[in-house]
Amino acid sequence: MDIQDELHDQQSRRTFLGRASAGLGTIALASLLNPTNLFGGPGASTPGNSMPGASTPGENPAVGKPHFPPKVKRVIYLFQSGAPSQLELFDYKPKLEAMWGQDLPESVRNGQRLTGMSAGQSHFPLAASKYKFAQHGPGQMWISELLPHTARVAGDLTFVRSLHTEAINHDPAVTFFQTGSQQAGRPSFGSWISYGLGSDNQNLPAFVVLLSKGRSGDQPLYAKLWSNGFLPSVHQGVVFRSGPDPVYYLNNPPGIDKTSRRRMLDYLTKLHQEQNKHVLDPEINSRMAQYEMAYRMQTSVPETLDISKEPDYIFDMYGPESRKPGTFAANCLLARKLIEKDVKFVQLYHQGWDQHGNLPNDIKIQAKSVDQPSAALIMDLKQRGLLDDTLVIWGGEFGRGAYSQGKLTRDNYGRDHHPRAFSVWMAGAGVKKGLVYGETDEFGYNVIKDPVHVHDFQATVLHLLGVDHEKLTFKSQGRRYRLTDVHGKVVKPLLA
């Protein structure tokens, strides 16, 4: 081959690769801007096609296509950050009253590790809940007097009393629940769902985050909890805040009108397409998709978050704080409105449950702030027919121990972190109503029946959405990742 032929061959390869990358970039951008029209729209003939970033063709569903018929279309996750005490709320243990003040038997603890906050105690006196319990609903569920509104919807609830985790401190425990790993950097639950199932509303994100605060001094919440990790950034959770600007930088700056913004985006798209002739960077396409989403959200977000037209009986249902932006009650109402608009995953974080001391007083205040709106959300979804295909989840990152942290009195005590056994509840589509699954010992310290690991819980929620947790993968840094890592099994007895 002479020098001219070699140059011609190199130029041909360069031209081919440039055109190919431009074409792929256009396809990727189209899929992100309107994913249901690429593989999952009407007339799609290849439902087994893999999504952008899939590690093996056919391993993942097409965008917007589950692996099998789903029982759940949308999820509202009411995450109670700080770890609510199951012993004060859901897991009734009369043995603690019978042995009040006596040391936790070593045979129960069996050398399990403690946090640095109570490991130095010479005694571990058992502390019974100050509050009374009663049975409610067809399943005769034990629910504390602190949650009278929740008790009224007991017939719609499914309790898991046997959850357990590996992390013993807040940050790794919350990160584990939200991303499947105790270390930061993995995609969040909502990001995996956005990646696996796409969006049902092209004018709103598939994954929305709402933040509300409890008392001062709360455990902090970090953006890593709703991060896209190594997934394309278009799947990151979008935080909706209270106030006139619910999404930062969404509104046009002074001097820029909607027409100018549209013209700018069109020219920017051309520039990125030109850049893709020379280098294919998936994040360029994700960024363009986010710009386009922000443009559409300028109209859709104010309309969706406007609660001024809600009738008084709705505010009465959710409680007086539902009129105050940023409260848990107001965010529960917003979660319902987002679900009505087909947002697929709404993550509501509520802080204030870290009660190492003064627990009887603090948990009473905290429970009052969440009880009525949590129950109202279920009733509101039910009366609109939305509970038939929506799953509501309520719970924290771990539980609380049976012994008192610090001084124990009849009216005051604290409880340290306890990852070995805790409770969550679910309501809505796909789960058996009135079911109590799992059981702890008479101290509420160890799971003795039907244990459910965090990865099992994640696998089960994905299954309800029509996703096989072992097939929803993404290849990054040479290995295939999934939300449940290399663990997890679907808890089939929970399924309706």
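Leaving aside its neighbours within four places in sequence, which residues is Gln-178 in contact with? Gln-178 is in contact (heavy atoms within 4.5 Å) with Tyr-77, Phe-79, Pro-187, Ser-188, Phe-189, Leu-225, Gln-347, Tyr-349 and Leu-483.

This is a predicted model, in which local features need pLDDT of at least 70, side-chain atom pairs count only at pLDDT 80 or more, and totals for chains, interfaces and linings use all residues. Residues are numbered from 1 along each chain as its sequence is written, and side-chain values use heavy atoms, with hydrogens and water left out.

Gln-178 lies in helix α6; helices are DSSP runs (H or I, at least four residues) numbered from the N terminus. Gln-178 is buried, with a relative accessible area of 1%, where buried means under 20% relative accessible area (1.4 Å probe, protein chains only). Helix α6 spans residues 170-179, and eight of its ten residues are buried. Among them are His-170, Phe-176, Phe-177 and Thr-179. Just after α6, Gly-180 has a positive phi of about 85°.

The structure also holds one cavity of 30 Å³ or more. On a 1 Å grid over the protein atoms alone, a cavity is a set of points where a 1.4 Å probe fits but cannot get out, and lining residues have an atom within 4 Å of a point. Grid points are joined across faces, edges and corners, and a volume is the space filled by probe spheres set on the points.

| Property of the largest cavity | Value |
|---|---|
| Volume | About 30 Å³ |
| Lining residues | Pro-84, Ser-85, Gln-86, Phe-90, Gly-396, Phe-398, Phe-422 and Ser-423 |
| Lining by class | four nonpolar, four polar and no charged residues |

In these classes, Pro and Phe count as nonpolar, and Gly as polar.

Note on methods: Buried means under 20% relative accessible area, exposed over 50%, partly exposed in between (1.4 Å probe, protein chains only). Helices (H or I, at least four residues) and strands (E, at least two) are DSSP runs, numbered from the N terminus. On a 1 Å grid over the protein atoms alone, a cavity is a set of points where a 1.4 Å probe fits but cannot get out, and a pocket is an open set with protein on both sides within 12 Å along at least five of seven lines; lining residues have an atom within 4 Å of a point.
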